[in-house]
Amino acid sequence: LTPTGSTSTKVELRGNVLLLECIAAGLPTPVIRWIKEGGELPANRTFFENFKKTLKITDVSEADSGNYKCIARNILGSAHHVISVTVKAAPYWITAPRNLVLSPGEDGTLICRANGNPKPNISWLANGVPI
């Protein structure tokens, strides 16, 4: 089974295509199966190529992080390999701040929600000066 060993790691960026490869040798030729440990493969974004040797997940997000196992099996036995996937993400808006127009003495609320991996730090500035 290639990759060799029992585990390996892979890092991908949010929004990219995740490609995981698992090549098995044996006679009779092994059938390859992919699973995500503790979860499901995303049904509408998962594709298999090269007779299931390649697992392709499009538009990955942080939720796609986890352990993916390829299992090669024929009538004589099986072998498996676990690929630990981490999806990293540059900061992105969940709720971006919006312009706020207030009258004198009126209260207002600005909301800023961002995410990323690693989690971004949020800081507020007024006219370029930290609040």
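Hi everyone. Let's start with residues 3-88: this span is 53% strand and 0% helix, and its end C-alpha atoms lie 23 Å apart. Please keep in mind that what you see is a predicted model.

Now to the charged pairs. The structure has four salt bridges, and I'd like to walk you through some of them.

Take E62 and R14, whose side chains meet at 3.5 Å, N to O. E62 sits in the loop between strand 5 (54-57) and strand 6 (66-74), while R14 sits in the loop between strand 1 (7-13) and strand 2 (18-21), so this bridge ties together parts 48 residues apart in sequence. E62 is partly exposed, at 22% relative accessibility, and R14 is partly exposed too, at 38%.

Next, K69 and E37 form a salt bridge at 3.9 Å, N to O. Here K69 is in strand 6 and E37 is in the loop between strand 3 (31-36) and strand 4 (46-49), so the pair joins parts 32 residues apart. E37 has 34% relative accessibility, so it counts as partly exposed.

One more: D64 and R45, with a salt bridge at 3.0 Å, N to O. D64 belongs to the loop between strand 5 and strand 6, R45 to the loop between strand 3 and strand 4, and the two are 19 residues apart. So, buried or exposed: which are D64 and R45? Both of these residues are buried.

Thanks, everyone!

Notes. Residues are numbered from 1 along each chain as its sequence is written. This is a predicted model: local features need pLDDT of at least 70, side-chain atom pairs count only at pLDDT 80 or more; totals for chains, interfaces and linings use all residues. Side-chain values use heavy atoms; hydrogens and water are left out. Helices (H or I, at least four residues) and strands (E, at least two) are DSSP runs, numbered from the N terminus. Buried means under 20% relative accessible area, exposed over 50%, partly exposed in between (1.4 Å probe, protein chains only).
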